Amino acid sequence: MQLKILGSAAGGAFPQWNCACANCRAVRAGTFNGKTRTQTQVALTEDGRSWFLLGASPDLRAQIEATPELHPRDGARQSPIAGVVLANADLDHVLGLLLLRELQPLRIYATTSVRRILQEGNSMFGMLQRIPNQAVWTDFSLGTQFNLCNAQGEDSGLRCRALSLSTHYPAYVTADRRSQLAPGGASLGFIIDSASPSGPRFAYMPAVPHIDDRLLNQFEACDLLLFDGTFWSDDELIRVQGSGQTALQMGHIPVESILSKLAGLRRPRKIFLHINNTNPMLDEASVEHRRVRDAGWEIAEDGWQFNL
């Protein structure tokens with residue numbers, strides 16, 4: 001299994017277009033001890049030819065162009081991108097679908113609730129249905145393993161299982177619509193492995209509001225853990241901008257808490273992604289960055305590749 005991190009930042013990327021926090025100011029001044037990042041996007045493949053995306057970020061077009069493996073190979077119109085698996089309906093997770101509207105056959109996996117939000121509540125996503133089978137939507141159930149297939153139904157050799165992490169839908173989903181949806185399908189994490197019984201396994205957890213023994217057991221069975229690194233501290237945004245919600249209110253455990261909560265996790269390689277532009281651990285000269293590295297964690301960068 002091959003996995004590529006195309007983007008590693010939270011919504012708005014880094015630097016964020018309207019932010020003048022210390023990190024963003026330093027980037028623009030050319031004095032930042034670290035790297036810029038696009039919005040979180042992960043791609044994976046079992047055979048090196050058919051690729052599947054976890055979400056579809058607003059930065060997807062630039063991320064594809066920066067990744068030769070995702071460039072067209074055969075014919076005038078073709079893409080190795082075979083499908084997309086959606087963890088939620090957040091804008092920074094689904095807007096990239098509209099960049100894939102050029103009549104490319106595509107299979108999109110989602111919970112029934114997320115599919116309804118996009119198909120029934122947002123007419124723009126009709127651009128993915130201009131011709132028959134342009135996008136084949138496939139609903140999946142929580143906790144049930146499903147094979148990742150292309151639009152023609154060809155099996156990729158990859159399997160996925162979704163875990164419910166949160167019951168909160170995006171703010172743009174109306175109260176009336178939310179009352180019609182299953183709360184457990186709002187925000188998900190994925191466990192993905194190869195069809196081979198002894199094949200590699202990784203966990204993709206971009207937004208985690210709490211950790212319990214169920215999750216810990218899942219992580220310990222993985223070779224790689226990509227985990228929510230959005231905020232360093234619970235009051236991070238409030239301190240930066242003077243108001244707003246805490247990290248926990250927004251559905252993210254602060255990194256400084258994760259380092260202790262997951263200190264006993266031994267097996268997987270542990271990597272933070274979905275990192276907000278305000279997070280001090282982005283500064284590679286910071287105390288926070290050193291604490292993360294000393295605890296055995298890594299901080300994802302755009303372009304990282306893993307062969308599992």
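In helix 4 (residues 112-121), Ser113, Val114, Arg115, Arg116, Ile117 and Leu118 are buried. This is a predicted model.

**Around helix 4**

- Several elements cover the buried residues of helix 4, including helix 3 (91-94), strand 5 (106-110), strand 6 (135-139) and helix 5 (175-178).
- An α-helix has 3.6 residues a turn, so residues three or four places apart point the same way.
- Helix 5 holds Arg177.
- Arg177 has a relative accessible area of 16%. Buried means under 20%, so Arg177 counts as buried.
- Arg177 touches Arg116, Glu120 and Gly121, leaving aside residues up to four places away in sequence.
- With Glu120, the contact is polar: the two side chains meet at 3.0 Å.

- Strand 3 (residues 51-54) sends Trp51 and Leu53 one way. Phe52 and Leu54 point the other way. All four of these residues are buried.
- In a regular strand the side chains alternate between the two faces of the sheet.
- Strand 2 (residues 41-45) pairs with strand 3 over four bridges, in the antiparallel sense. Here Ala43 stands opposite Leu53.
- Five residues sit between the strands in the hairpin of strand 2 and strand 3. In this hairpin, Gly48 takes a positive phi near 80 degrees.
- Strand 3 is also joined to strand 4 (residues 81-85) by four bridges, and these two run parallel. Trp51 faces Ile81 across this pair, standing opposite it.
- From strand 3 the chain passes through helix 2 (residues 60-65) to strand 4. This β-α-β crossover is right-handed.

- Strand 10 and strand 11 run parallel and are joined by four bridges. Met205 stands opposite Phe227 of strand 11.

**The nonpolar cores**

- The largest nonpolar core has 32 residues. Met205, Phe219, Leu225, Phe227, Phe272, Val292 and Trp297 have the most contacts inside it.
- Helices and strands both supply this core. Helix 1 (22-29), helix 6 (213-220) and helix 8 (255-261) are among the elements that give two or more residues. So are strand 8 (155-166), strand 10 (201-205), strand 11 (224-228) and strand 13 (297-299).
- What does Val292 touch, not counting residues up to four places away in sequence? Its contacts are Trp232, Val255, Leu259, Phe272, Met281, Trp297 and Ile299.
- A second core is separate and has 30 residues. Trp51, Leu97, Leu100 and Val114 are among them.

Key:
Residues numbered from 1 in each chain as written. Predicted model: local features only at pLDDT ≥ 70, side-chain atom pairs only at ≥ 80, totals over all residues. Heavy atoms only, no water. Core = buried A, V, L, I, M, F, W, Y, C linked by side-chain atoms within 4.5 Å. Buried < 20%, exposed > 50% of the residue type's maximum accessible area, 1.4 Å probe, protein only. Contact = heavy atoms within 4.5 Å. Pairing = 2+ DSSP bridges. Right-handed = clockwise from strand over helix to strand, strands pointing away. Polar contact = N/O pair within 3.5 Å; in protein donor to acceptor, adjacent residues only side chain to side chain.
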